[in-house]
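Hi,

Here is the structure I promised to pass on to you. Please open it alongside this email, and then read on for what turned up in it.

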Amino acid sequence: MAADLNTQAFWNEFMRRPDAKAAYQAEKKLQMKKSAWLEERHELEEQADHRKKVADALEDAPADIKKLIAPMFHMKVVERFLWMVFDECQKKNTPFLQKLRDEGTMTHLRKLREHYQEGGEERMAALENQWYSICGDIVTEQEKQKEKERKPISPDIRTLKDVLEFGQECKREGNNKFREGLYEEALFIYNQGDEVMKKFKVGEHLKNENKWLKEYHMACLKNKAQAALKLELFQTALDAADAAVKMDPEDHKAWYRKAQAEKCLGQFTEAEDSLSRLEDVAQWCPDRRSILRDCEAERKRIKAARVKHQQGTKDMLGKAFEAGIFSGDRENEVEDEAAARREAIAAEEKPKAVEAIKPLERKIQLTEALAGELIDELADAYGQRWFQERVQKCARDSGFERTVFLRRLKGVAFDVQRPVLEKWGFEGNDHGVREMTAAIRDHAGKDGQSMPDWLKKKQDRCLKLLYGGEEGGMASLLS
C-alpha cells in the first residue's frame with residue numbers, strides 16, 4: 001500500500017472516486033470563498049485610504065471647487081476619478097489643486113455634477129457600471145495580448161510526464177462527461193487541459209513526447225469547441241477551433257468545428273471559406289467521401305442560415321417602418337413592436353402534446369439545514385456565467401413574455417439541475433425536480449409563508465439567479 005501511495009497512477013485512480021472528488025471540490029470552494037473575502041476586504045481598506053487622502057487634499061481647495069465636488073463626493077465614480085487625478089499628481093510631483101483647476105479636469109467634474117443633478121444616484125451608478133465595463137474590456141484585451149506574447153516553457157522530464165498524464169486524464173474525463181450530456185462540466189475539464197498544455201513546448205528531439213502532447217492538446221481543443229457549441233458559447237468554440245487549426249492546419253475536425261462556430265456567429269462567408277479549406281484537407285483523408293458529404297450538408301445549412309438571416313433583417317426593417325419607428329408617434333411604436341414580437345413568439349411556439357404527469361412519490365425528506373445546503377448548491381450552479389448568459393438569451397428570445405420564458409426556462413435549467421438532483425439522491429428527471437421542490441417547500445409551512453427568514457433569503461437569492469438576475473434576466477417576475 002505504501003508503494004501505491006507514491007505512484008501517480010494511484011492518485012489518478014483515487015481522485016476518480018466520488019467521495020474524493022466531493023472533498024476536493026468542497027475544499028476548493030472554501031478556499032475560493034476565503035480568497036474572495038480577503039480580496040474584497042483589502043479593496044475596501046484601500047478605497048477608504050484613497051478617500052481619506054483625497055479628502056485631506058481637498059481641505060485647502062478653493063470654495064468654488066468644494067461647492068462643485070461636495071454634493072457628489074460620496075459617489076464611487078467621483079471618488080475614483082479624483083483618486084486618479086491625485087495619484088497622477090503624486091507620481092509626477094505636481095500640485096493636486098493646480099491639476100483640479102486644469103480645464104480638462106474641471107470639464108469632467110462639471111459633467112459629473114450635471115449627471116448627478118439630472119439623474120441622482122441611479123445615473124451615477126449607471127456611469128460607474130459603464131466605466132467598469134470599459135476598464136474590464138481594456139484589462140481583458142491586455143491579458144489576451146500578454147497570453148499571446150507569453151512563450152511556452154520547455155519542461156524537464158518529470159514535469160513533462162505529469163503534464164502528459166494530466167492531458168490524458170482531461171481528455172478521458174472530459175469525454176465521459178460529454179457522453180453523459182454534462183456539457184458544462186466537460187467544457188470546464190477540456191479548458192483546464194488546454195490552459196495547462198499550452199504553457200509547455202516539447203523539444204523536437206523527443207519525438208514521442210512531442211506527438212503525445214500535441215495529440216492530447218488537439219483533442220482537448222476540438223472537444224472544447226464541440227462542448228461550447230452544445231452550450232451555444234459560439235465565440236468560445238471559435239477561439240478553440242482557431243487554436244486547433246493553428247496547431248495542425250491539416251486536421252479536418254478542427255476545420256469543421258471552426259465552420260460550425262462561424263456559421264452560428266453569423267459569419268457566413270468565413271464559414272464557407274473554412275468549408276473550402278476542409279474540402280482541400282479531406283482529399284488526403286482515408287474517409288474523404290464521408291467528410292465531403294458532411295461538407296455538402298453543412299454548406300446547405302449555411303446557405304439556409306444566410307437566407308433566414310437576410311429575411312429576418314428584411315422583416316425587421318419592414319415592421320419597423322410599418323410601426324412608425326422613424327415617426328414621432330412613440331406610443332404606437334411601442335405597441336406595434338410588442339404586438340409583432342408576440343405574434344412571432346406565438347408562431348414559433350407550437351403547441352405540444354402534454355404527457356401524463358407521474359404522481360409525486362416522496363422518498364426524501366430534508367431538515368432545514370440540509371434544505372439550506374441544497375439551495376446554496378443550486379444557487380452556485382445557477383450563478384455560473386455560461387448559465388446566466390443562456391437564461392438572459394432565453395429571456396430575450398421570449399420577448400420578455402412571462403409565459404413563454406417560463407416554458408423555455410424549464411429545459412435550460414434542467415442541464416444544471418440534474419447533477420445536483422442525482423448528488424442529493426433525487427431522480428435525474430422532471431419527477432426529481434418536483435420532489436426536490438416539495439422537499440424545500442416542506443419548510444414553508446401549510447400556508448406557504450412560514451419559512452424561516454434565513455432560509456427564505458437563500459431561496460430568494462437562488463430564484464433570482466435561476467431567472468437570470470434583474471439586469472438582462474426575468475428576476476422582476478419574483479416581485
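Is asparagine 93 buried or exposed? With a relative accessible area of 70%, asparagine 93 is exposed, because exposed means over 50%, buried under 20% and partly exposed in between, using a 1.4 Å probe and protein chains only.

Before going further, a word on the source: this is a predicted model, in which local features need pLDDT of at least 70, side-chain atom pairs count only at pLDDT 80 or more, and totals for chains, interfaces and linings use all residues. Residues are numbered from 1 along each chain as its sequence is written, and side-chain values use heavy atoms, with hydrogens and water left out.

**Two residues with positive phi**

Most residues other than glycine have a negative phi. Asparagine 93 is not a glycine, yet its phi is positive, at about 60°. You will find asparagine 93 in the loop between helix 5 (76-92) and helix 6 (96-100). Helices here are DSSP runs of H or I with at least four residues, numbered from the N terminus. Glutamate 232 also has a positive phi, near 65°, and lies in the loop between helix 10 and helix 11. At 38% relative accessibility, glutamate 232 counts as partly exposed.

**Around that loop and helix 10**

Leucine 233 is in the loop between helix 10 and helix 11 too, but leucine 233 is buried, at 14% relative accessibility. Not counting residues up to four places away in sequence, leucine 233 touches Leu187, Ala228, Trp386 and Glu389; contact means heavy atoms within 4.5 Å. Leucine 233 and leucine 265 are 32 residues apart in sequence, with their C-alpha atoms 9.6 Å apart in space.

Asparagine 223 sits in helix 10 (residues 207-230). Its side chain is joined to that of asparagine 175 by a polar contact of 3.1 Å. A polar contact is a pair of N or O atoms within 3.5 Å; within protein, one must be able to donate a hydrogen and the other to accept it, and residues adjacent in sequence count only if both atoms are side-chain atoms.

**A buried glutamate**

Glutamate 128 belongs to helix 7 (residues 103-149) and is buried, at 13% relative accessibility. Leaving aside neighbours within four places in sequence, glutamate 128 is in contact with Lys76 and Val77.

**Two helix pairs**

Two packed helices are described by the angle between their axes and the distance between the axes. Axes are lines fitted to C-alpha atoms, for helices over the stretch in contact, and angles run from 0 to 180 degrees between N-to-C directions.

Helix 11 (residues 234-247) and helix 12 (residues 252-264) pack at about 150°, with axes 8 Å apart. They are therefore roughly antiparallel (angles over 145 degrees; under 35 is roughly parallel, 65 to 115 roughly perpendicular and the rest oblique). The residues of this contact divide into 10 nonpolar, no polar and 4 charged. Nonpolar covers Ala, Val, Leu, Ile, Met, Phe, Trp, Tyr, Cys and Pro, charged covers Asp, Glu, Lys and Arg, and the others, Gly among them, count as polar.

The axes of helix 16 (residues 368-382) and helix 20 (residues 453-466) come within 9 Å and cross at roughly 20°, so these helices are roughly parallel. By class, their contact has 11 nonpolar, 2 polar and 5 charged residues.

Happy exploring!
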